[in-house]
Every structure is written in C-alpha cells, then in structure tokens.
Amino acid sequence: MPASSSSVTVISKCTIKPDPISTSPFKTLRLSVSDLPMLSCHYIQKGVLLNYPPYSFSDLVHFLKQSLSAALYHFPALAGRFNTDSEGHVHILCNDEGLDFVVATARHFNVSNTLVQPSDVPDCFKEFFAFDRVVSYSGHVRPLAAVQVTELGDAVFIGLTMNHAVTDGTSFWHFFNTFAEICKGVKKISRSPNFGRNTVFDSPAVLRFPAGGPTVTFDDNEPLRERIFHFSRESILKLKNRANNYNINNNKNNKVTLNDDSWKSVITTPLINNKKDEISSFQSLCAQLWRSVTRARKLAESKTTTFRMAVNCRHRLEPRMDPYYFGNAIQSIPTTAESGELLSHDLHWCADLLHRNVVAHDDEVVRRGVKGWENSPRLFPLGNNDGASITMGSSPRFPMYDNDFGWGRPLAVRSGKANKFDGKISAFPGREGNGSVDLEVVLAPETMTAVLTDVEIMQYVSLCMSE
C-alpha cells in the first residue's frame, strides 16, 4: 500500500452525544479478560460504500447525526471514556461525552475508480476513516468511536471506527446495523445490546502497562499490498468438496496436481460420518489460503507456520452467552504445521487440522484459556514476527450488507489502515450472499505477486459482484 498525498478534504467535525441521555443502569463497565488484550490493537475501522442518496449530501449529514445520536442512547458505552482505577482495573465510564462525527469530501473518486478489478485496493479508502492507526489504550483521552461520512462523485462512504477493547466484530456490526436501521426510519430497534458483565470473562485480574501505555506489536509502516479475493458460492462448494473428499494418492508426501479441475477427486474416501466430522466451507477456504501463502513465501520445509483464527465464544460456553452481549467475547485459535508437511499433503489434511482445532474449542477450552490469561495477563501479540504466520479476522457471517440506511444495500465493504500487517486476512460476506465470501488479503508485495500466480487458489477467485 504505497503512500499517497491526502486526497480527502475534511469539511467539519463535531461531537455527537446520546439523545435522549441514556437511562442505562450500567454507569461503569470493567474491561474483561477478552477486552484487555486488545488495548494494544488499533481501533477497528470498517465501512460501507453506498450509492448516492436520493437527497442532498447536507440532508444526509443531518439524518446521520440524528440517527447516530439515537443509536448511542441504546449503546451508551460508545459515548464514554476509559478510566483506570487505583487498583489498575480499566473501566468504561458511561458518561455520555460522545463520539466524533466527521464530514469529508473526495468528489474526484467515484464507484468506477474505487472498485476497479482486478487490482489492489485503492489507498483512498484508508482516508475514509477517523483515528488513523490510533491504539485502543488511547480511549482514556479520546472518544471510543467515530463516524466519518465522505462524499464521492456518485456515492458516499460511511466509515465507522471503534475501540477494539470495547467491541469485537459481533458487537461492532450490531451497532453499525442499529445505526443504519434508525436512519432508515425504524421506531424500535430490532436487537438490543446486553451490557451484563456476569460472564466467565469478567475477572479481577489486572493487566499492567508501561508508562504512557502500550504500542502495537507489529510494524505498521511496513510495505504491503492489499487485494479483495472474491469466491463465489460455486467456488466455495468446490473447495468444500475437495476438502471433504480426499484423494488417497495425494494424502501423504505427494504434491497435488494443479489444473482447472483440481477440485475433482479421482479416487475419494468419504470422510463424513456425522455433521461434526464435516469440514466447513470456510475452513476449506482458510486451508487453501494457508497452503497458497505458505508456498508463495518460499519457506524452509522445517519452518513452522501458523494459521490463527479468531472465534466467537458466545455460543461455545455452557450456558451460552447472550448473542448480543456487548463487548469482546473472542479467543484466538492457532494451528501450526511445518511448511514442508503442509505442502506435501493434500487440502483435506490441512483443512482437517483447522477443523479439529475449531471443533475442540468448547466450553472447557474457553474457560481454560481464561484461567491461563488470569495467571499471566498479557496483551494480544498481533502481527507476523516470524514471517510465517497468517491471522484470520472478521467473519463472512457478519451482517455487513444489512447496513441499508434507507436507499439500498451497500455496494462494497472496505476497511482502513488499522491492524494490517503481512499475513492479515479479513473475511467478509460476498455482496450477492448465498454463501459467497470476500477475503481482504494483506501481504508483503513479493508474497502477493507470487499468490496471484498460484493456480491452486486463483482458479477459485472471481470478480466481485458490485452492481
């Protein structure tokens, strides 16, 4: 992602507060075992590209301000600030100080030159967000969220920036969806957040910070390329079929032959005895990405590679948490394999490693992870320090394209500069739905070049549906 001079002009900036003032009984919310590690991460930045509304841009700004103020009434934590008490516990003070609202213009950009395919994601999207690469610990002195609306030549972009120690992806999109539905005119929101803190993640453990607070655990200035890889429903099903029906001749120490029909098995062994044994579509896609990126990096055969996935724990606990619990309720699942081993086996072998790790992450494993963190509190080590890691974030299950502000679904979902490094992947649902997936792939320039010539993955990639 080469640097570019600013191409966005900020017109105005103001503070939006809840209206009416929130009546929530929760005046302070202590950060949990799942929240605290995120204090060294950047604020989350995700946004939607929308067709130009059927009224003026100034009217849109007015409607967005009103809707945002009403949404904050239901999500008072986002209008608050962090405070660290005398014992070292970090809390959200729900004090209604508000969040930032930024109005900007970049009318020389339009849909056709921002969604050009196939090509890298244009740098302009990085300027459509507030709080550029701000660390979440800064919530002690900065707002916990910000919205920037940018006027393009024939479209608008609404970018939401939110403190990662306050929300995970589930809560982020819950708020974004609520903001959109209020703007669309609903009188009663469809899903209210749960701010209760009586969960396994609530803990008296204290995380100590260096003077001045933590910094990110990766180089946020390294040269990178970023591209959207679109996988249609048909391509995903082919990958899933290939992962669940493996070629016994390719299962051990044999390289897979690459051609346009490599998803077809010649001699197959059915693997599925019950639903729990089935490798999912997403696990199949992750496995293919892991193989292709590992091959592109040209690692030594003995080099250990890691594929790290963030998983939602709300439904993994017994009893289950409220699906609309507001906050972080995620844990990271690392799966490792030597480079040579990963590439000498077939797709099933790799996908099965991921599948078994995800299935095994049950109530007992979640609670064990909490206890382990309490015994040794630490920040989340985001990054790729060994040059052999991939981190998968976000989820194709998030309702990103439900963000209809009143004149139609988004044309595309894009993100800012936050939390990006070599090997950071984010999964989005495809715009056409029906099981399609977009992967936002961020890689070192030479690795991206090699992946784009890797037939094993590129035969499944198609252009995004953006009309």
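Which residues is T294 in contact with, leaving aside its neighbours within four places in sequence? The close-ups below take this up along with two other spots. The model is predicted, so local features need pLDDT of at least 70 and side-chain atom pairs count only at pLDDT 80 or more, while totals for chains, interfaces and linings use all residues. Residues are numbered from 1 along each chain as its sequence is written, and side-chain values use heavy atoms, with hydrogens and water left out.

**View 1. T294 in helix α5 (residues 281-297).** Beyond those sequence neighbours, T294 touches L299, T305, S339, L342 and L343 (contact: heavy atoms within 4.5 Å). T294 counts as buried because its relative accessibility is 2% (buried: under 20% relative accessible area, 1.4 Å probe, protein chains only). Its side chain reaches the backbone oxygen of W290 at 2.7 Å.

**View 2. Helix α4 (residues 233-244) against α5.** Here the two helices pack at an angle of about 85 degrees, and their axes are 8 Å apart (axes: lines fitted to C-alpha atoms over the stretch in contact; angles run from 0 to 180 degrees between N-to-C directions). That makes α4 roughly perpendicular to α5 (65 to 115 degrees). From α4 come I236, L239, K240, R242 and A243, and from α5 come S281, S284, L285, Q288 and R291.

View 3. Look for F57, L60, V61, L64, S67, L68, S69, A71 and L72, the buried residues of α1. They pack against strands β1 (9-16), β6 (99-105), β7 (145-151) and β8 (155-162), and against helix α3 (169-184) (helices: DSSP runs of H or I, at least four residues; strands: E, at least two; both numbered from the N terminus).

Notes. Buried means under 20% relative accessible area, exposed over 50%, partly exposed in between (1.4 Å probe, protein chains only). A polar contact is a pair of N or O atoms within 3.5 Å; within protein, one must be able to donate a hydrogen and the other to accept it, and residues adjacent in sequence count only if both atoms are side-chain atoms. Angles under 35 degrees count as roughly parallel, over 145 as roughly antiparallel, 65 to 115 as roughly perpendicular and the rest as oblique.
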